[in-house]
Amino acid sequence: MRKAIGVMFLFAVTSFAFGQARPFPGNDVQQIYQRLLPQIEKIQAFDHHAHPGYADDPDVDAMAAPPNASEALRTRDDNPELAAAAKALFGYPYADLSAEHAKWLLDKKRELKKQLAGPAYFNSILDKINIESSVANRAMMPDYLDAKRFPWVFFADAFMWPFNNEHETGRNPDEGVFIPLQEKMLHRWMQQENVSKLPTSFADYLNFISRTLEDNSKRGGIAMKFEVAYFRPTTFGDPGSSQAEEIYQRYISGGIPSEKEYRTFQDYIFRYLIREGGRLHLPVHIHTAIGIGDYFNLSQSNIMNLESVLRDPRYASTTFVMIHGGYPLEREAIWLAAAKNVYLDSSFGELAQYPSAFKDTLKMWLETFPDKITFGTDCFPYNQVLGAEESYWLGAQSSRMALAAALAEMISEGEITEARALQLAHAYLHDTAVKLYEGRVH
Ligand SMILES: [Zn+2]
C-alpha cells in the first residue's frame, strides 16, 4: 500500500513537473469530449467564410457551379445528414429528402419567410446555430441580409480580365461558365463607378480599381476575396509596371492577348490589389483548396504557390486569409501561417470531410499555430430544398464537434489544460477572426 502511494506520488510529480505529453488519449477522452461540447456549442461564433442567400439569388457568388460537376461523397444531395439539418432547424419530420417529403420543407420555409420578413429570416437562422455574425462573400449584398450581422466580403478577381477573353473562355467547359461571369462582375464595378468604357490610360485603370476598392469599403465591405485559382495558375510573376502598361495599352481597345501576355498583366494587377489591401486595411481572402468543376487543376493552384507572395516583406502590412486552409494540403498550409500577417480559414474542410477526419486537421492546426486559425462554414444555397440554412447548420455542427474532439484528445494526452482548451475554442470560433477587422465586426 505504501509503495503504491509512493509510485502514484512520483507519477503525479513527474507529470506536473515535466508536463510530458503522451502519444495516446486516456480512457477519459470521451468524458472530456462530452464536457467540452456543450460549452463549445454555447460560444457565439464568427463565420469567416459563407455565401448566405436564397437559391434563386444570382448574387450569392461571383461565379456559378459548372454543370454536372463531380461531388465528393458528403457534399452530395443525398447525404442523410441534410435531413438531420432540416429537422434541427425546422422540425422536418422525415429521414430523407425525397421530392414528396421535400415539399413539406419548402412549404415550411415559405411560411417562415412570410412570418420573418426582410432580414429577420436569416438572422433567425444565425440565432439557431449560435453564430453572432457571418461573412457574406457575395457579388453584391441584398436587402434581405442584415449588414450588421452579415458583413460583406466582395470579389476582386474581375479586374484581372479586362481584355478580349475568347481564349480564356474557350480553354475548357468550366472556364466557359466562369470567365463570362468575371466579365459581368467587371461591368458591375464599372456601373458602380460610372465608368462607361475602360480608360485608355493604364494609370486611369489603376485609379478605377482603387476607387472601386475604396467605395466597396465605404459600402460595408470588410475584405476582398480572390477565387483566382479557378481561372489560372496561382504562381504569380513579378513584372514591372511598364510591362503591364504596355500590355494594357496594346489590348484594351481590342485584339486577343497571348496567354503569356495576359498572365503577365494579371500578375501585376494581383500584386497591385494586395498592396492596396494593405493601404486600405482590407484583408485579402484567397480561395486555397480544390474547387468545384472537373477541370479544376489542383497542382497549378496548390496553396504553396502563394508562399513567395505571403512571405514577401513588401506585403507585410496586408492581412491574408487562406480560405479553406489549402485543403487537401492543410498540413503544408498551417506552416504558411508562420508569417505574422497570414491566417487560415477552415471552411469547406468541415464539409468535405466527416468530423472524424476534420478533427485530425484541427488538432494538427491547434498544435502548430492555434492563434492563426479561424472558423467558417462555406454555406451555400445549393437548391430550394438544400439551402444556405442547412449547410450553415451542417458546417457549424461539424466544426464544433470536431473542435471538441480535437481539444479532448489534446487534454487527455497531456498537451493542454481544459482552461487553455476553452481559450483556444473561443479564439478559433470567434476572437482571432474578429480582431483582423479592427472593430468593424463583432
Ligand atoms: Zn466559398
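Leaving aside its neighbours within four places in sequence, Pro180 is in contact with Thr169 and Glu175, where contact means heavy atoms within 4.5 Å. This is a predicted model, in which local features need pLDDT of at least 70 and side-chain atom pairs count only at pLDDT 80 or more, while totals for chains, interfaces and linings use all residues. Residues are numbered from 1 along each chain as its sequence is written, and side-chain values use heavy atoms, with hydrogens and water left out.

Pro180 lies in helix H7, the helices (H or I, at least four residues) and strands (E, at least two) being DSSP runs numbered from the N terminus. At 31% relative accessibility Pro180 counts as partly exposed, a class that sits between buried, under 20% relative accessible area, and exposed, over 50%, with a 1.4 Å probe and protein chains only. The C-alpha atom of Pro180 is separated by 9.8 Å from that of Trp161, 19 residues apart along the chain. Gln182 is also found in helix H7, but with a relative accessible area of 1% Gln182 is buried. Not counting residues up to four places away in sequence, Gln182 touches Ala62, Asp157, Ala158, Glu227 and Phe231.

How do the axes of helix H7 and helix H8 cross? The axes of H7 (residues 173-192) and H8 (residues 202-218) come within 10 Å and cross at roughly 80 degrees, where the axes are lines fitted to C-alpha atoms, for helices over the stretch in contact, and angles run from 0 to 180 degrees between N-to-C directions. The two helices, H7 and H8, are therefore roughly perpendicular to each other, the term covering 65 to 115 degrees, whereas angles under 35 degrees count as roughly parallel, over 145 as roughly antiparallel and the rest as oblique. On the H7 side the contact is made by Leu186, Trp189, Met190 and Gln192, and on the H8 side by Tyr205, Phe208, Thr212, Asp215 and Asn216. Sorted by class, the contact of H7 with H8 has five nonpolar, three polar and one charged residues; Ala, Val, Leu, Ile, Met, Phe, Trp, Tyr, Cys and Pro count as nonpolar, Asp, Glu, Lys and Arg as charged, and the others, Gly among them, as polar.

The loop between H7 and H8 holds Asn194, whose phi is near 55 degrees, a positive value in a residue other than glycine. At 73% relative accessibility, Asn194 counts as exposed. Beyond H8, Gly220 is found in the loop between H8 and strand E5 (221-226), and with a relative accessible area of 31% Gly220 is partly exposed. Gly220 touches Trp152 and Arg440, not counting residues up to four places away in sequence, and Gly220 and Val153, 67 residues apart in sequence, are 8.6 Å apart in space, C-alpha to C-alpha.

The zinc site can be considered next. The zinc ion is coordinated by His49 (NE2), His51 (NE2) and Asp378 (OD), at 2.1 to 2.2 Å; donors are N, O and S atoms within 2.8 Å of the metal (3.2 Å for Na, K and Ca), and water is not among the atoms, so sites may look incomplete. Along the chain the donors of the zinc ion follow the spacing H-x1-H-x326-D. His51 lies in the loop between strand E1 (45-47) and helix H3 (81-90) and Asp378 in the loop between strand E9 (373-374) and helix H15 (388-412), so the pair ties together parts that are 327 residues apart in sequence. Both His51 and Asp378 are buried, Asp378 having 12% relative accessibility. Phi of Asp378 is near 55 degrees, a positive value in a residue other than glycine.

Another backbone feature is the peptide bond from Tyr327 to Pro328, which is cis, with omega near 5 degrees. Pro328 is found in the loop between strand E7 (320-323) and helix H12 (330-336). Most residues other than glycine have a negative phi, and most peptide bonds are trans.

Taken as a whole, the protein chain has 16 helices and nine strands. A compact globule with 442 residues would have a radius of gyration near 22 Å, and the 24 Å of the protein chain agrees; the radius is taken over C-alpha atoms, and the globule rule is 2.2 Å times the number of residues to the power 0.38. Along its principal axes the C-alpha trace of the protein chain spans about 90 × 55 × 40 Å, and buried residues make up 56% of the 442 residues.
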